[in-house]
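Please look over the sequence and the structure shown here before reading on. The report is written for someone meeting this structure for the first time.

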Amino acid sequence: MSAPNGTTLSHEEILRYSRHLLIPEVGLEGQKKLKEASVLVIGTGGLGSPVSLYLAAAGVGHIGLVDYDVVDASNLQRQVIHGMSGLGTLKVESARRRMLDLNPDIDVQVFNEPFTSANAFEIARDYDLLIDGTDNFPTRYLVNDVCVLLGKTNVYGSIFRFDGQVSVFDAQRGPCYRCLFPEPPPPGLVPSCAEGGVLGVLPGTIGTLQATEALKLILGIGTPLIGKLMLYNALDQSFEFVKLKKNPKCKVCGPNATVTELIDYEAFCGVPGHDHEEGSAGAQWDIDARGLAERLARAPRPRLLDVREPHELEISKIEGADLIPLGQLAGRLSELDSAEELVVFCKGGTRSARALELLVSAGLTSTTAVSLYGFGELSCSLSAVHRILATASSADGTSRVSGMRRSGMPSESLKPMIA
Ligand code: ZN
């Protein structure tokens, strides 16, 4: 990424970037390289916030932002590029406003759409490098494959609770993400931040490291994290480095690559390609609060099964629901009765959909389990259920515990239904 001839810095820019110009490794030539560079940031959330802010501040001349969400109050614990004044507005617009306020001399292009196989080449083609600021496996594999197929560099970062990872994937100089992870994890095995949470400052640390890698790559200085995976833990402030090798059997960057065009990444990973928990078990299973109220008004009332984690009960809960966290469900099937109608619920529908799959595959009544879905955020979703449960409370309150119909389901472990 050599600085093209003819790029100049104005007097204002020289003042603005004076601390860069003082560093021999950056200097005027380096600052011109930054001004000419173009970087695409996928996601304007926790990672995208520091990445975009620092690239803008550093004077990266052309920055693209891809996101399709709107700013929500629950984002602000970590997505520091946004603020209260931007609530309800498009994230890409909110981010662009802040970046241009920080540095009006740069150009920020926004793409208010999901990054998908259909538009990825078109969006990414004109950028020098891509920064992965997403938190889901389909988009992560998509960003990787786009970079490999277009010959671009992918600055990767990921976060969960207190742990983060950073690497630079450049298939021409080292391994790609698929070399490291040829297959996605089974759906449900690795929770997302929307499901498991994240310490708000963690994406600040990891995103800042991604921005650092991007600036080094543009300037051609230092040693990029190519062939190295950096592992960070916030609790003991540890940084570890794992050497990565190119996988000769890699399906996208190996000599016998079979992935030569973009695929259906949601199908490949078996999960939706977005960051928030919002799942569906399919129209035949999903019910809304009103549908649940109708079922609860009929005798026998269905048993309510909450598949969230115990600590989530402190945020909100439905009285009378039984808690079996999704991760324990397979080992606790004996606590369920195949003859009993079940309503499975979680925060946003993803875990309940997985629970439903598990219950159906275990032979638990393929006709009466449903996934509670479609309420959006937890606070309003469960309060909506509360309201409707209150209106349904005049229904027959006696619990009828059905006998068992399937072997291996001991009746002595049956729990009472809604109290
Ligand atoms: Zn590879």
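## Overall picture

The model described here is predicted, and its protein chain holds 15 helices together with 13 strands. Of the 419 residues in that chain, buried residues make up 40%. When contacts in the protein chain between residues at least 6 apart in sequence are considered, 71% of them join residues at least 24 apart.

In soluble globular proteins, nonpolar side chains tend to be buried together. In this model the largest nonpolar core has 62 residues, and the members that touch the most other members are V39 and A214. Helix α10, which covers residues 202–219, supplies the largest share of this core with 9 residues. Apart from this core lies another one of 20 residues, which includes I324, L329, V343 and L356.

Helix α10 has 18 residues and reaches 26 Å from its first C-alpha to its last, close to the 26 Å expected at 1.5 Å a residue. This helix is mostly covered, with 13 of its 18 residues buried, and just after α10 the residue G220 takes a positive phi of about 70°.

Helices α4 and α10 pack at an angle of about 40°, and their axes are 7 Å apart. That angle makes α4 oblique to α10, and α4 passes α10 in a right-handed crossing. On the α4 side the contact is made by S49, P50, V51, Y54, L55 and A58, while α10 contributes P203, G204, G207, T208, Q210, A211, A214 and L215.

## Helices α4 and α5

Helix α4, residues 48–58, also packs with helix α5, residues 91–102, at an angle of about 30° and with the axes 9 Å apart. The two helices α4 and α5 are therefore roughly parallel to each other, and their crossing is right-handed. The residues that make this contact are S52, L53, A56 and A57 of α4, together with A95, M99 and L102 of α5.

Helix α14, which runs over residues 350–361, has 12 residues and reaches 17 Å from its first C-alpha to its last, close to the 16 Å expected at 1.5 Å a residue. Its buried residues are T350, R351, S352, A353, R354, A355, L356 and L359, and L356 is one of the members of the core of 20 residues. Just after α14, G363 takes a positive phi of about 90°.

L305 and C346 are 41 residues apart along the chain, and their C-alpha atoms are separated by 8.6 Å.

## Single residues to look at

Most residues other than glycine have a negative phi. R161 has a positive phi of about 55° although it is not a glycine, and its place is in the loop between β5 (153–160) and β6 (163–169). With 15 C-beta neighbours inside 10 Å, R161 counts as partly exposed. Q237, also a residue other than glycine, has a positive phi near 45° and is found in the loop between β7 (228–233) and β8 (238–243). Q237 counts as exposed because it has 8 C-beta neighbours inside 10 Å.

H20 lies in helix α2, residues 18–21, and with 19 C-beta neighbours inside 10 Å it counts as partly exposed. Not counting residues up to four places away in sequence, H20 touches V26, G30 and Q31. Between H20 and G30, which are 10 residues apart in sequence, the C-alpha to C-alpha distance is 8.4 Å.

Note on methods. Residues numbered from 1 in each chain as written. Predicted model: local features only at pLDDT ≥ 70, side-chain atom pairs only at ≥ 80, totals over all residues. Helix = DSSP H or I, 4+ residues; strand = E, 2+ residues; numbered from the N terminus. Expected span 1.5 Å × (residues − 1). Buried ≥ 20, exposed ≤ 12 C-beta atoms within 10 Å, placed from the backbone. Core = buried A, V, L, I, M, F, W, Y, C linked by C-beta atoms within 7 Å. Axes fitted to C-alpha atoms, helices over the stretch in contact; angles between N-to-C directions. Parallel < 35°, antiparallel > 145°, perpendicular 65-115°, else oblique. Left-handed = near helix turned anticlockwise from the far one by under 90°. Contact = placed C-beta atoms within 7 Å.
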